Amino acid sequence: MITPTHYMLLSAALFMIGVIGVMVRRNIIIIFMSIELILNAVNINLIAFSAELHNAIGQVFAVFVIAVAAAEAAVGLGIILAFYRNKETINIDEMNLMRW
Amino acid sequence: MRYIWLIPLLPGAGAAINGLVGIRSFSRKTAGLVACATMTAALALALVAFWQLLGLPADARAYDVNLASWIPKIPLATHDGFGNFEVPWGFRLDPLSGMMLLVVTGIGTLIHVYSTAYMADEPRGGVARFFCYLNLFCFFMLMLVLGNNFLVMFVGWEGVGLCSYLLIGYWYEKKSASDAGKKAFITNRIGDWGFILGIFLVYYTFGTLDFRAVQNAAGAMPIETGHFGVLSLICLFLFVGATGKSAQIPLYVWLPDAMEGPTPVSALIHAATMVTAGVYMLGRNAVLFTHAPEVMTIVAIVGVLTALMAASIGLVQYDIKRVLAYSTVSQLGYMFTAMGVGAFSAGAFHLMTHAFFKALLFLGSGSVIHAMAGEQDMRRMGALKKYLPVTFATMMIGTLAIAGIPPFAGFFSKDEILFRAFMANKIIWVLGGATALMTAFYMFRLMAMTFFGTYRGPAWETHSRADVATAAIHGVSHPADPHAHGQAHKKNHEVSHGPAELHDSSGPGHHAAHADDAHGGHGHGPWHGPHESPKPMTLPLQILAVGAIVAGFVGIPTALGGGNAIEHFLEPSFTVSSHAEGGAPAEHGAAATEHEGAEAHPSTAVELGLMGLSVLIAALGIGLAHRFYVAQPEISEGLASRFSGLHRLLLNKYYVDELYGATAIAGTFAAARRLWTFDRRAVDGAVNGTGWITVISAWLSGLTDRTVVDGLVNLVGWIVRESSHAFRRLQTGLVQNYALLMLFGIFAFVSIYLFVR
């Protein structure tokens, strides 16, 4: 029997993988993908509790998150493209203009 | 007569017209016409008013007109609480002011007419200015005369002083004239100071300034015999005012210098009217003065000493106008003597007769100066009788009048004064008699030097001499142009030459040289010699000559079968009004009148004897003058050299001007210089010190600003900058750093949430 605890464990694992990916990777595309992992970890939680609590609001929320993630991916990929055209690299360490 | 206020206003209007419009746009004729017309109208109105005054019963002869309120009622402290200080523009016509009114308007009109000819060679605007001043003078003089309270009188008093200043300095481009104007004004200021103190004290004592009310109140007070009370103090202050205006010792010095003004001015202001204002003011306050016998004594002494001193100076002066000026001072001294011995009517009577004959003499001297093209030194005249017959005849009448030869006007008035002085105090009488002797002497000396003897003046173009002579003898003015050539010099020459300057130029050769230099040097064409003056100048002379003969007939004393009409006419002005309420004042007034009446006529024989004596004195003076200056001119020179010290003393006017210069004027200068030093050191020092303090404190304040305030601000900035070194290390610009920090933060907060709570 799959209980909410299992979902939460899966979700936590996915979240941690995403966070670590954001922290340690240098490739912006990979970091982006890690952010998607974080968002989807949240989605799993939302849907798991929606099913558990028989409340549709969680599922609606998840759909919203997917929509926002899609929009974010579009904007983010646009930024990455513009950055690449300037610097000819997508290494995150080169992205340090906002400093003292 | 409700319109007496119009009498001063008419010349005032003339002055306004001439002053506002005339100076810019009137011709000489128009300006003269405006002035003469307003004065004639005032004279006519004055005559009507006087006629109506005569029509009233003797004890009710007074018109009071309150034209308008001037100072509304204000409470002001008097010696017994608060009184209401209220001054109206009030005019009062009574016998005394009526007499003065006729003198001022009558002689004023004649002198205006005379001036139209005398000033004919002045520039156009100057003539209008002259007539503006002259009319303004008449306006103020009539205010002075007609005012029914002290303050209106004071307005007139100050106004005539101002006009006197303006007219003395009429030729203001000449330094001596403007100096003389200033001298007159400043000397008068000292007198006015006394007068206004007197006015203050009058209000403080009586709570009113109305002459009638003051008279009635003073009449009720006891006579201050042997002590010096408040009435005496008032009278003393008023007398100080009178000495300034009427040129008495010690303030007489301005009058001789006032001769710098045009001669008509000397005649009107400095002989006939303004200088008598002091006498008039004393007469106005006769009741006050009769209650202060101590001050009366002072008045009499000052008067007789002034008369004597001025007459003695007049003995040796060479400037024709200066002789007349000292004569005026001397005659004013007579008037004050009369006032001082209580003979108010006699003083006022002499004032009137003097106005006639002295105006006549001044205008005559003006005619002579005019004829001599501005020459005023009598040593350069002589034998003018045949060139100036009208002037000679009229001046002779004036001279006989002033010398006191019956039946001319001066005899009656002067004799009345001497008689009253004899009754009061023998010493004063003796001094007065000596003055009479000197008066006769210096006046006939003037006549002798001017009209008799040999001609000592400058030569003129000979071919016209016969014409001039015949024309003059026939009493016709010079055919072609009677005065234009010579007259142009007048302005330059109407200078009173100081005696010191003249003293060394006594030889006849020197005269000629000097005169040629003076007259030939100007190049104004030939001078046609002395000539009779034009009609507008001789006509006033003739009218005044008639006045000098008949003016005395109103005061023929009882001893000679007359009624002494003027004394009875004037008497109500000098005593407490009979309408006074209550018994006490009336009693006093009656007592005073009776007292005077009893004293006035003790013995007809004595009076006749005194008259004979004074005629004798006058004749003696005339005889001496004739002997010294006509028969044997060398005698006078011999006397002058024998008593050279005395002669020089007199010629230099007792060195009074020098004395005043050394004391009062030098003292004022020294005080001014000391004050200036004080100003420079203390006041300027204080101001500069304040400036320095401000500069120093500003510098200190700037220093504080720069160090403390700016230092604090910079310190804050410095602290921020230094501390930023630590914190800015956080700003790596690397997104992953920020994310890590966020992670730690969340971890920390969650840990706190979970464990610490």
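Select B:Met281. Setting aside neighbours within four places in sequence, B:Met281 is in contact with B:Leu238, B:Gly241 and B:Ala242. Two residues are in contact if their C-beta atoms, placed from the backbone, lie within 7 Å. This is a predicted model, where local features need pLDDT of at least 70, side-chain atom pairs count only at pLDDT 80 or more, and totals for chains, interfaces and linings use all residues. Residues are numbered from 1 along each chain as its sequence is written, with chains lettered from A and ligands numbered from 1 in the order in which they are written.

Stay on B:Met281. This residue is found in helix H11 (residues 277–284) of chain B. Helices (H or I, at least four residues) and strands (E, at least two) are DSSP runs, numbered from the N terminus. Is B:Met281 buried or exposed? B:Met281 is buried, because 23 other C-beta atoms lie within 10 Å. Buried takes 20 or more other C-beta atoms within 10 Å of a residue's own, exposed 12 or fewer, and partly exposed lies in between; C-beta atoms are placed from the backbone. B:Met281 and B:Leu144 are 137 residues apart in sequence, yet 9.0 Å apart in space, C-alpha to C-alpha.

**The core of chain B**

Next, select B:Leu101, B:Phe137, B:Met141, B:Leu142, B:Ala359, B:Leu360 and B:Ala548. Of the 218 residues in the largest nonpolar core, these touch the most other members. Such a core is a set of buried Ala, Val, Leu, Ile, Met, Phe, Trp, Tyr and Cys residues joined through C-beta atoms within 7 Å. Helix H4 (residues 124–146) of chain B gives the largest share of this core, 18 residues.

Zoom in on B:Ala548. Not counting residues up to four places away in sequence, B:Ala548 touches B:Phe356, B:Phe357, B:Leu360, B:Ile397, B:Gly398, B:Ala401, B:Phe408 and B:Ala409.

Zoom out to chain B. Its secondary structure comes to 31 helices and 2 strands. Of its 757 residues, 51% count as buried.

**A helix pair in chain B**

Select helix H3 (residues 95–118) of chain B and helix H25 (residues 565–574) of chain B. They pack at an angle of about 120°, with their axes 7 Å apart. Axes are lines fitted to C-alpha atoms, for helices over the stretch in contact, and angles run from 0 to 180 degrees between N-to-C directions. H3(B) is therefore oblique to H25(B). Angles under 35 degrees count as roughly parallel, over 145 as roughly antiparallel, 65 to 115 as roughly perpendicular and the rest as oblique. H3(B) brings B:Pro95, B:Leu96 and B:Met99 to the contact, and H25(B) brings B:Phe569, B:Leu570, B:Pro572 and B:Ser573.

**Chain A**

Move to chain A. It has 3 helices and 0 strands. Buried residues make up 12% of its 100 residues. Its C-alpha atoms fill a box of roughly 50 × 25 × 25 Å, taken along the principal axes.

Select helix H2 (residues 28–53) of chain A and helix H3 (residues 57–87) of chain A. They pack at an angle of about 175°, with their axes 8 Å apart. H2(A) and H3(A) are therefore roughly antiparallel to each other. Among the residues that meet are A:Phe32, A:Leu39 and A:Leu46 in H2(A) and A:Phe61, A:Val65 and A:Ala69 in H3(A).

**Where the chains meet**

Show both chains. The contact takes 11 residues from chain A and 10 residues from chain B.
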